[in-house]
There are 2 protein chains.
Amino acid sequence: MQVTGIIAEYNPLHYGHRHHLQEARRLTGADVLLCLLSGNFTQRGEPAVVNKWARARMALENGADLVFELPVVYAVRHAQGFASGAVKLLEATGVVDYLVFGSEHGRCTELKALADFLARENLPFRERLKTYLEQGYPFPAARAQGLIDYHKEKGIPGLEGLTPEEVKDLIGHPNNILGLEYLQALARTGSTIRPLTIPRLGAGYHEEKLTTPLASATAIRRTLHESGRHALLRRFMPPRAWQILREEIEAGRAPLFLDSFTSQIISLLRRTPLAELRRIDGVGEGLENRLKDAARSAGTIEDLLSGLKTKRYTRTRLQRLLFHFLFNFTGEDASDFSPQKDPCYLRLLGFNPRGQRLLKFIKKRATLPLITKPARDLLPHIRASGRTARMWELECLATDLYVLAYPCPQARRAGQDYTQPLVITAGER
Amino acid sequence: MQVTGIIAEYNPLHYGHRHHLQEARRLTGADVLLCLLSGNFTQRGEPAVVNKWARARMALENGADLVFELPVVYAVRHAQGFASGAVKLLEATGVVDYLVFGSEHGRCTELKALADFLARENLPFRERLKTYLEQGYPFPAARAQGLIDYHKEKGIPGLEGLTPEEVKDLIGHPNNILGLEYLQALARTGSTIRPLTIPRLGAGYHEEKLTTPLASATAIRRTLHESGRHALLRRFMPPRAWQILREEIEAGRAPLFLDSFTSQIISLLRRTPLAELRRIDGVGEGLENRLKDAARSAGTIEDLLSGLKTKRYTRTRLQRLLFHFLFNFTGEDASDFSPQKDPCYLRLLGFNPRGQRLLKFIKKRATLPLITKPARDLLPHIRASGRTARMWELECLATDLYVLAYPCPQARRAGQDYTQPLVITAGER
């Protein structure tokens, strides 16, 4: 049985995602598509526009067969943490043959060459990188600049045919960056999973307007935020994804945006002492003072982010930091769930009949506990390991704070990580 | 110069309040009416519907001459803490001759007799009280029941003419209860301030509907909450109070209600560990577990309060407790600012020309630092005393969280306790 893994956010699922699922199946001849899905918060440091159970259903009704959760300790993380956690989880299922990821570049050989280069110690490049970091560039920009410089001077092995501009493109787009991290993580873990990339179709990742039927998720969220009218989205989402989104909106469980967390985050910042702020992952170097100052003048999350922004910190990094703060994700947590360490469990979100058949194999081969019903399956592991307990505690807290931002008060009950049933579907419609 | 003190919340100021101000001046022949006003949160454990600066202006334009702030450490407190803090502050001005308070009863002799009785140790009554408390009654109800029992059996000195029903009335109405506490506090501090009570006019304190032009503040807030239409209130508030309320609403700084704090409070409860909850004043005896449980199922503040309610805890006490939690007002704070200890400063909110003349005398006679400009006047005292620093810190935090609930994002800036100017008016219009 051929099994292909996909790492996704589906925030929300659009035609580009469906195309990716179809192509992944076609190109790898997969019998089963196994999807690892970000939970209620995403890598950009934003709440998902609709909760993880609804997005798992979107995936299962648009091509995926089995959906596991990418835990919040990896999902709301820099690219390396995100990719390492995800790759380790795919590996831990014991059944995945291929990892298919979308990239702006669309060709694996060159991405691999660059990943190999980045994985090796290379003093001249490291020194370039360090110089740019010292000049206050954020890490992604410093790395891009260092690579271009190096490529101009010495040429990166395997990329000899590329101009510096093309190298910049390779390292400068969000899906390429994640792809490079997947490739490095696969190499680091000595995984037998074979990587394959598919070019992204349609609008760019950052494209904010609904211009083509292949609109980006960003454009879809923007439309939802500004107009509040989901009917507008009918043309831009596969029917069963659109319908699920619509049902969630009508039930008062969506849509959620960054600014749904304004008072939770700013209130907390105003009342938290500096010493406690310093314990949060990513806070330090005086950032705790900037956070306090920015929270004083901010009336909205946008104000807060503007007040925090500097050359050194990207907006995405700051957003993740705000959620780390909200979840009380400390420096200690960051090191407990670092890219070097293994995840603690495999948490199932849903499946269709094809996925269900694969589950039997996963039960036999998985190297991590398989969690289908947390109250039953997780309890012994939580008792045995403080790290497992903490990983789950953070997941539950993230969900408990997420649901509190639901428009409908009756839907805000905590503990939904225990009470929400698995998403079981009849398969693709 | 005759100076009369008044302790008030004016949430918001209505015709009954204006009548009280006029009567206080007439009956005491006062040259100056000095008002001590609750800040942004009230004794019921609610946000004031409109901020303290606007309410100070309402007072100054409807009969008061000088307004000081009743600090949040006293304002959001049980009747004894509220009354003691207020009486000590009036005493500390060094200029107040009379304290005039409204009461349902309206006659001082009998209230005094009852206050004297409560101030004395009386074993049979104490034992009755203890029995009712052990049966799980909240303190006010247990005390009322104990007094009635005692009165039936032995007769309370000075109240011989009253039936048990009349005694119950004396101890069963909110303004009578506060009045009794004022009287006891005056006696305890050996104050020379003379108390005088005026019967409350018009609708009852708890009356929720706008039935008479002398509507209660509760009815006014209810109308504002339910209809959102301040125009409805024109007939029920003195013109200058109504106009100030209207201006605040139009500027996006009002109205605020308990449910404006839903996500601040429930989010914080969901993420705060039990051990930290236990440090909050009034939490203990397992209440920390009830708080966690209630926050899990609650989607609104109403849900939360329903989940917490028991025979032992009144709704008002629970509401105060939620705000103590939000402000991180600990058991240690409660003891630092207990009814036995003196306040740390006198904070001025505003004045008219008559009030300004009195300020000169207060500067000479006051036994506490007079604060007109906190950044200048408070700093040396904050440096000299941790208790003063903490009292002010709690005040500022309460305001910083209060303004965060303003409808208008631009108005939510923190630090308004430093930046808001004194309210200076030309006097009564």
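How many residue pairs are in polar contact between chain A and chain B? The count is 15, with both residues of a pair at pLDDT 80 or more, a polar contact being a pair of N or O atoms within 3.5 Å in which, within protein, one must be able to donate a hydrogen and the other to accept it, while residues adjacent in sequence count only if both atoms are side-chain atoms.

## Basis of the model

This is a predicted model, in which local features need pLDDT of at least 70 and side-chain atom pairs count only at pLDDT 80 or more, whereas totals for chains, interfaces and linings use all residues. Residues are numbered from 1 along each chain as its sequence is written, chains are lettered from A and ligands numbered from 1 in the order in which they are written, and side-chain values use heavy atoms, with hydrogens and water left out.

## The interface of chain A and chain B

In this interface, 27 residues of chain A are in contact with 27 residues of chain B, contact meaning heavy atoms within 4.5 Å. The two chains bury about 2300 Å² between them, 55% of it on carbon and sulfur atoms; buried area is the accessible area (1.4 Å probe) that two parts lose on being put together, summed over both. R270(A), R271(A) and R296(A) supply 29% of the area that chain A buries against chain B, more than any other three residues.

Across this interface the rule finds zero salt bridges, where a salt bridge is a side-chain nitrogen of Lys or Arg within 4 Å of a carboxyl oxygen of Asp or Glu. On the side of chain A that touches chain B, at least two residues each come from helix 12 (262–271), helix 14 (287–297), helix 16 (315–326) and helix 21 (386–403) of chain A; helices (H or I, at least four residues) and strands (E, at least two) are DSSP runs, numbered from the N terminus. Helix 12 of chain A gives the most to that side, with eight residues.

## Salt bridges within the chains

Over all chains, the structure holds 48 salt bridges. In chain A, the side chains of E61(A) and R57(A) meet in one of these, at 3.8 Å from N to O; E61(A) is buried, with a relative accessible area of 2%, whereas R57(A) is partly exposed at 28%. Buried here means under 20% relative accessible area, exposed over 50%, and partly exposed in between (1.4 Å probe, protein chains only). In chain B, E61(B) forms a salt bridge with R57(B), the closest N and O atoms being 3.8 Å apart, with E61(B) buried at 2% and R57(B) partly exposed at 29%.

The side chains of R278(A) and E288(A) also meet in a salt bridge, at 2.9 Å from N to O. Because R278(A) lies in the loop between helix 13 (274–277) and helix 14 of chain A, and E288(A) in helix 14 of chain A, the pair ties together parts that are 10 residues apart in sequence. R278(A) is partly exposed, with a relative accessible area of 43%, while E288(A) is buried at 7%.

## Helix 18 of chain B

N352(B) caps the N-terminal end of helix 18 of chain B, with a side-chain oxygen 3.0 Å from the backbone nitrogen of R354(B). The buried residues of this helix are G355(B), L358(B), L359(B) and I362(B), and what covers them includes strand 1 (3–8), strand 2 (32–38) and helix 4 (79–93) of chain B. An α-helix has 3.6 residues a turn, so residues three or four places apart point the same way.
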